[in-house]
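Colleague: I'm new to this one, so please take me slowly through its pockets. I'd like a close look, with a bit of the overall build for context.

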Amino acid sequence: MYIALIDIELKDNTENEFKAWITESNKVLSKFPGFVSRRLVKSDDGKYGLVVEFTDKESHVKLHQTKEHGEIHKQLMSFLKKPPVPNFYHVISQ
């Protein structure tokens, strides 16, 4: 499993619209081999993040090369105050 933990900062008053967009854009991403899930999370202090899971790093790389991902990323940026900050991890034990 390959996981991206992505810190994001939403523009003011966009949470509800963003949650709906996550659900819709996940329908597109779910069609790609190796994509497992993408979830929006919120910390107790109000910070947002995305947890994105792939079966492997190669699937992640291939998805990022698609036109669909390019469009989703462009849409994502319209909701954010600044670029997302991703951190990538390989699951090494369960």
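Modeller: Let's start with how the chain meets itself: of the contacts in the protein between residues at least 6 apart in sequence, 66% join residues at least 24 apart (a contact means heavy atoms within 4.5 Å). Bear in mind that this is a predicted model, where local features need pLDDT of at least 70, side-chain atom pairs count only at pLDDT 80 or more, and totals for chains, interfaces and linings use all residues. Residues are numbered from 1 along each chain as its sequence is written, and side-chain values use heavy atoms, with hydrogens and water left out.

The protein has three helices and four strands, in the order β-α-β-β-α-α-β along the sequence; these are DSSP runs numbered from the N terminus, helices being H or I of at least four residues and strands E of at least two. Its radius of gyration is 13 Å, close to the 12 Å from the globule rule for 94 residues, so the protein is as compact as a globular protein of that length (taken over C-alpha atoms, the rule being 2.2 Å times the number of residues to the power 0.38). The C-alpha trace spans about 35 × 30 × 20 Å along its principal axes. Of the 94 residues, 36% count as buried, meaning under 20% relative accessible area with a 1.4 Å probe, protein chains only.

Now the largest pocket, which holds about 310 Å³ of space. A pocket here is an open set of points on a 1 Å grid where a 1.4 Å probe fits, with protein on both sides within 12 Å along at least five of seven lines; lining residues have an atom within 4 Å of a point. The volume is the space filled by probe spheres set on the points, which are joined across faces, edges and corners.

Eighteen residues line this pocket, and Ile6, His64, His69, His73 and Leu76 lie nearest its centre. Strands S1 (2-8), S2 (35-42), S3 (48-54) and S4 (85-90) each give two or more residues to that lining, as do helices H2 (57-64) and H3 (67-77). H3 gives the most, with four residues. By class, the lining has 13 nonpolar, four polar and one charged residues (Ala, Val, Leu, Ile, Met, Phe, Trp, Tyr, Cys and Pro count as nonpolar, Asp, Glu, Lys and Arg as charged, the others, Gly among them, as polar).

The second largest pocket has a volume of about 170 Å³. Of its 14 lining residues, Ile6, Asp7, Ile8, Tyr48 and Gly49 are the closest to its centre. S1, S2, S3 and S4 each supply at least two residues of that lining, which has eight nonpolar, three polar and three charged residues.

Key:
Buried < 20%, exposed > 50% of the residue type's maximum accessible area, 1.4 Å probe, protein only.
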